[in-house]
Amino acid sequence: MSKLPNILMTFYQSFNTGDTSQLDHILATDWVNHPNDPGQSAYIAGFKAGILDFRSAFDHFELKIIQSIQEDNNVAVHLQMSGTQIKPFAGIEPHNKPVIFYGFDRHVLNENQTQILEIGRAHVWTPVTRD
């Protein structure tokens, strides 16, 4: 597994902490979230709101990095998100049970790896319920 660049550690920490303030510094001004989060715009403000939506819909929300692979300024990240769904999210009604989601993100970083230029995301939104 590649070591995740610091800029991406900051990116993913915002999911676990709810502090999205650093995203304005690390995302390119023309950065677009592909695809956008349910009910949100594809731009930085919508992405930040989507993180807060996640955190309010899932109690004890946690994002873990399973694996990352880097080639030059391209980074692929396999991730796991978990929590107890307590509010509707992405058209899925809550069952107040712990769930797990999986996803893959592909990031393109600038040359000195201080800014994220683009992202492509594929997430399995159907929750895997843990009994």
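Is Met-81 buried or exposed? I get buried, with a relative accessible area of 1%. For the record, buried is under 20% relative accessible area, exposed is over 50%, and partly exposed is in between, with a 1.4 Å probe and protein chains only.

Ground rules before I go on. This is a predicted model, where local features need pLDDT of at least 70, side-chain atom pairs count only at pLDDT 80 or more, and totals for chains, interfaces and linings use all residues. I number residues from 1 along each chain as its sequence is written, and side-chain values use heavy atoms, with hydrogens and water left out.

**Entry: Met-81**

I place Met-81 in strand 3, residues 74–85. Strands here are DSSP runs of E with at least two residues, helices are runs of H or I with at least four, and both are numbered from the N terminus. Next I looked up what Met-81 touches, taking contact as heavy atoms within 4.5 Å. Setting aside neighbours within four places in sequence, I find Phe-54, Phe-61, Glu-62, Leu-63, Val-99, Ile-100, Phe-101 and His-123 in contact with Met-81. I also noted Tyr-102, which is 21 residues from Met-81 in sequence, with a C-alpha to C-alpha separation of 6.2 Å.

**Entry: salt bridges**

Side chains of opposite charge can pair when their charged atoms come close. My rule asks for a side-chain nitrogen of Lys or Arg within 4 Å of a carboxyl oxygen of Asp or Glu. How many salt bridges does that give? I count three.

**Entry: Lys-48 and Asp-24**

The closest N and O atoms of this salt bridge are 2.8 Å apart. Lys-48 sits in helix 3 (residues 44–57) and Asp-24 in helix 2 (residues 23–26), so I am looking at a link between distant parts of the chain, 24 residues apart. Lys-48 is buried at 17%, whereas Asp-24 is partly exposed at 45%.

**Entry: Asp-105 and Arg-121**

Here the closest N and O atoms of the salt bridge are 3.9 Å apart. Asp-105 is in strand 4 (residues 98–109) and Arg-121 in strand 5 (residues 116–129), so the pair ties together parts 16 residues apart in sequence. I find Asp-105 buried at 4% and Arg-121 buried at 12%.

**Entry: Glu-118 and Arg-106**

I get 3.5 Å, N to O, for the salt bridge between these side chains. Glu-118 belongs to strand 5 and Arg-106 to strand 4, twelve residues apart. Glu-118 comes out partly exposed at 39%, and Arg-106 is partly exposed at 40%.
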